[in-house]
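Dear colleague,

I am handing over the structure we spoke about, and my notes on it follow below. Please read them with the coordinates open beside you.

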Amino acid sequence: MRKCYFDHVAVNPLHPEVLDAMMPYLKEDFGNPLSVYDLGMSARNAIEEARGKLASLVNAKPPTIVFTASGAEANNFAVRGIALAKQSRGKHIMVSKVEHHSILNAARFLEKSGFVVTYLPVDKYGTVEPGVVKSSITDETTLISITHASSEIGTIEPIKEIARIAKERDIVLHADGVATTGNIPVDVKELGVDLLSMAAHQFGGPKGAGALYIREGLRIVPLIYGGIQEGGRRAGTENVPAIVGMGRAAEIAKNKLNSKMAYCKELRDRVIGGILKMPKVYLTGHPENRLPHHASFVVEFIEGEAMLLMLSMKGIYAASGSACSSKALKSSPVLLSIGVPTALAQGSIVFSLGEDNAREDIDYLLAEFPLIINRLREMSPFAKGWGEGSEGEKCFTG
Amino acid sequence: MKFVHNVKADITADIVYMMCPMHLLKLDEMIKGLDKGQVLEILTDYDGALEDIPQWCEKTGNQFIGMDEDDDYYKFYVRKPQ
């Protein structure tokens with residue numbers, strides 16, 4: 001049976017050259033980067049080389065990159081670290097409603113600790129309106145955290161405009177760049193962000209490697225205390241192989257970014273065009289201003305998990321909402337925030353593409369997916385009388 | 001402790017929120033990069049620095065000029081000897 005992996009926002013396959021780069025640090029070069037002898041020096045040099053490569057991918061200076069164990073850690077570090085560092089100036093922060101749980105839950109933690117959090121609304125495409133950001137700022141606001149792009153609905157946010165607003169009021173801006181770094185051009189200077197989160201497994205690197213860009217001169221309270229690793233900003237013996245892998249993946253991603261984007265966009269547009277031919281299936285997120293490898297939908301009358309299982313039986317691997325929401329069998333807060341009704345939000349399906357997908361994989365998907373939808377609808381008690389109107393029509397076309 | 005005001009530093013190391021022993025590691029790293037006679041300013045909120053930095057200067061032969069206080073942190077001034 002053909003195997004088609006369309007879940008690249010969950011994890012990308014490890015690039016073979018990344019694995020080659022990592023191997024020596026899993027074997028003979030096993031030293032602790034803090035050790036003074038040559039094994040330690042070799043590990044330390046490898047980390048600095050990786051830092052340089054990742055910095056180059058996002059147009060930053062190497063010392064502004066702090067390695068973490070995940071994108072979620074980078075997000076927690078940014079939100080909690082800046083809120084705490086700036087609390088003598090004010091205790092108000094703002095995050096959007098389409099953020100990943102690592103932002104939302106960090107904000108909720110701060111709320112319980114006496115901070116005031118504004119959860120910024122989005123439009124029907126999931127876009128944060130800069131005017132809303134501006135009007136929500138108070139004299140107490142110290143941090144705005146907005147995702148660069150949603151991994152659930154693919155919409156790319158107007159970070160540059162929001163950065164201008166933040167700068168005018170001397171407010172720190174963090175962007176969650178986990179879904180974008182290595183997938184579209186990300187330039188911290190051009191975007192105007194003060195902090196940017198990244199994760200290696202989103203661009204061909206290993207799981208367990210993340211990073212936070214912290215603008216030069218910006219004070220931040222560490223999330224993890226202990227040793228002197230990462231300039232005292234993130235303690236803990238470094239995961240040298242993973243960091244090396246992240247660096248190599250960043251280098252490859254930088255070199256192949258344009259061709260990867262063009263190829264994925266071609267596949268994505270075929271997926272969107274093909275799937276939208278089915279009745280009562282709706283695209284979520286922005287139709288144009290979206291990640292080039294991301295196609296997300298809601299399918300009326302059937303449930304995401306059922307689609308995933310049946311797709312998987314055909315060797316097709318996709319996602320339904322974020323990994324967290326999907327596991328919890330909970331309606332996606334992101335879909336609810338763009339106005340998708342609860343019942344319809346259950347029918348979420350996300351196909352995220354990569355260079356490892358062949359054009360024939362898309363042919364296979366477009367042949368199999370309608371059959372699965374039809375079969376599930378035949379079984380669905382909700383589909384009865386669906387020709388007479390639906391929640392989806394009201395929501396997406398009404 | 002010697003308190004000083006309006007000391008003109010040649011370079012500043014801001015390590016506010018960084019814990020022990022970053023104040024000493026940064027001090028060592030930054031002093032190495034200075035020319036003889038130049039002054040380093042270290043900003044830190046770590047209380048242990050009150051003892052550690054003057055002692056470090058004594059041990060290494062650098063001149064501890066003194067310290068100043070801001071609302072949330074200390075400012076230490078160290079001169080690299082001629």
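A disulfide is taken here as a pair of cysteine sulfur atoms within 2.5 Å. The sulfur of Cys20(B) is too far for such a bond, because the closest cysteine sulfur, in Cys57(B), is 15 Å away. Over all chains the count of disulfides by this rule is zero. Cys4(A) is likewise in no disulfide, the nearest cysteine sulfur being that of Cys264(A), 14 Å away.

Before going further, please note that this is a predicted model, in which local features need pLDDT of at least 70 and side-chain atom pairs count only at pLDDT 80 or more, whereas totals for chains, interfaces and linings use all residues. Residues are numbered from 1 along each chain as its sequence is written, chains are lettered from A and ligands numbered from 1 in the order in which they are written, and side-chain values use heavy atoms, with hydrogens and water left out.

For accessibility, buried means under 20% relative accessible area, exposed over 50%, and partly exposed in between, with a 1.4 Å probe and protein chains only. On this scale Cys4(A) is buried, at 0%, whereas Cys20(B) is partly exposed, at 36%.

Pro21(B) is placed in the loop between strand E1 (11-14) and helix H1 (22-32) of chain B, where helices (H or I, at least four residues) and strands (E, at least two) are DSSP runs, numbered from the N terminus. Most residues other than glycine have a negative phi, and most peptide bonds are trans.

Two residues of chain A deserve a look for their phi angles. Asp170(A), which is not a glycine, has a positive phi of about 55 degrees, and it lies in the loop between helix H6 (159-168) and strand E6 (172-176). Lys280(A), also not a glycine, has a positive phi of about 60 degrees and is found in the loop between helix H8 (240-275) and strand E9 (281-283). Asp170(A) is exposed, with a relative accessible area of 57%, whereas Lys280(A) is buried, at 12%.

Chain B as a whole has two helices and four strands, which run β-α-β-α-β-β from the N terminus on. Its C-alpha atoms fill a box of roughly 30 × 25 × 20 Å along the principal axes. Taking contact to mean heavy atoms within 4.5 Å, 68% of the contacts in chain B between residues at least 6 apart in sequence join residues at least 24 apart.

Turning to the interior of chain A, Met198(A) is found in strand E7 (residues 195-199) and counts as buried, at 0% relative accessibility. Beyond its neighbours within four places in sequence, Met198(A) is in contact with several residues, among them Leu54(A), Val58(A), Ile65(A), Val178(A), Leu212(A), Tyr213(A) and Met246(A).

Finally, Leu14(A) is found in the loop between strand E1 (4-5) and helix H1 (16-26) of chain A, and is partly exposed, with a relative accessible area of 35%.

With kind regards
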